[in-house]
Amino acid sequence: MKVGRNDPCPCGSGLKYKKCCLAKETQDNKDPGTQYAQRYKIQLKNEADILGIRKAGHLVLDTFAQIIDIIRPGIKTDDINTIVHEFTIKNGARPAPLNYRGFPKSVCVSVNEVVCHGIPGPRVLEEGDIVNVDITSVLDGYYADANQTFFVGTPGPQAVKIVGVAKECLKRGISMVQPGNTIGDIGWAIQTYAEKERCSVVRDFVGHGVGFDFHEAPQVPHFGQRGQGIRLIPGMVFTIEPMINLGNHNLKILDDNWTAVTKDKSLSAQFEQTILVTQSGYESLTPYDLS
């Protein structure tokens, strides 16, 4: 006997067929890419896309190699910007931050108490500083995003601690990436470790989908509960980029409308990679050593 769309559902739920089993059957027949696009606005990446993002990721790492040796006391944060900008352009790409929503430079350079979005300029790096450099390159239309925090000269014990905790937080977040796990698992792993070390996780900024654009769905918080949030499936590409403070997680935005600093002026450190969910786990598309 044929069941009409507006008839009671045969399963006995009391709902109309179109609102119950028909809706489920229709959803089950959709491929995962269609489901995630409609439900979460997440764009899964195919093999060609992944290759493009991986190439952009290699350029990001090559760009880091250009600046590592110049990070020392006495250089200006704008010196880092100049090198990143010129190297990116020379390699046929463009720096994603430049003119993004009015951001005036090609890279974010965040020193000590600056959590993120530091604007390169005349600030001179000093002995014992920590400096985060956040590079996003667009190559052949594909985006890849990564950042690292570096010591300037010889670090003090607080600098060593916060950089070490931030690096370990990224490692633990990445380790949770595999099909069937959730975004909440990533945040849970990061938050649990950071707070065990008596540090805090910034809430105001999160990881994000990336590849076709600078910022895509989904958002990837670096705090949360295990088993909560969107389930991970192959083809998802997103950043994990925990910002970890030595003090509390509260921050404020300076008058330039970009620079975020810790309210208590404590040190803040961050590490970030662009991560692909594979059939069996993950691949970093911007891989660098986290040991």
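Q: How many residues does helix α6 have, and what distance does helix α6 reach from its first C-alpha to its last?
A: Let's start with this helix in the predicted model. Helix α6 covers residues 183-196, which is 14 residues. At 1.5 Å a residue, a span of 20 Å is expected, and the helix comes close to that value: from first C-alpha to last, α6 reaches 20 Å.

Q: Which strands stand at the edges of the open sheet of 3 strands, and why is one side of each left without a neighbour?
A: The order in this sheet is β6-β10-β13, with antiparallel pairing. One of these pairings joins β6 and β10 (residues 243-245) over 2 bridges, and in it S200 has N245 as its bridge partner. Each edge strand has a single partner strand, so one side of each has no neighbour in the sheet; the edge strands are β6 (200-201) and β13 (268-270).

Q: Which residue in the turn between β7 and β8 has a positive phi?
A: Strands β7 (residues 207-209) and β8 (residues 216-220) pair in the antiparallel sense over 3 bridges, and G207 has V220 as its bridge partner. The two strands form a hairpin with 6 residues between them. In the turn, the residue with a positive phi of about 140° is G211.

Q: Is C108 buried or exposed, and why?
A: You can find C108 in strand β2 (residues 108-111). Among the residues that C108 touches are F103, H117 and V133. The relative accessibility of C108 is 9%, and the cut-off is under 20%, so C108 counts as buried.

Q: How many residues are in the largest nonpolar core?
A: In soluble globular proteins, nonpolar side chains tend to be buried together. Here, the residues with the most contacts inside the largest core are I80, V133, F238 and I244. V133, for one, is in contact with residues including F64, I67, I71 and F150. The number of residues in this core is 73.

Conventions:
Residues are numbered from 1 along each chain as its sequence is written. This is a predicted model: local features need pLDDT of at least 70, side-chain atom pairs count only at pLDDT 80 or more; totals for chains, interfaces and linings use all residues. Side-chain values use heavy atoms; hydrogens and water are left out. A nonpolar core is a set of buried Ala, Val, Leu, Ile, Met, Phe, Trp, Tyr and Cys residues joined through side-chain atoms within 4.5 Å. Buried means under 20% relative accessible area, exposed over 50%, partly exposed in between (1.4 Å probe, protein chains only). Contact means heavy atoms within 4.5 Å. Two strands pair if DSSP finds at least two bridges between them. Helices (H or I, at least four residues) and strands (E, at least two) are DSSP runs, numbered from the N terminus. The expected span of a helix is 1.5 Å times one less than its number of residues. Lists of a residue's contacts leave out its neighbours within four places in sequence.
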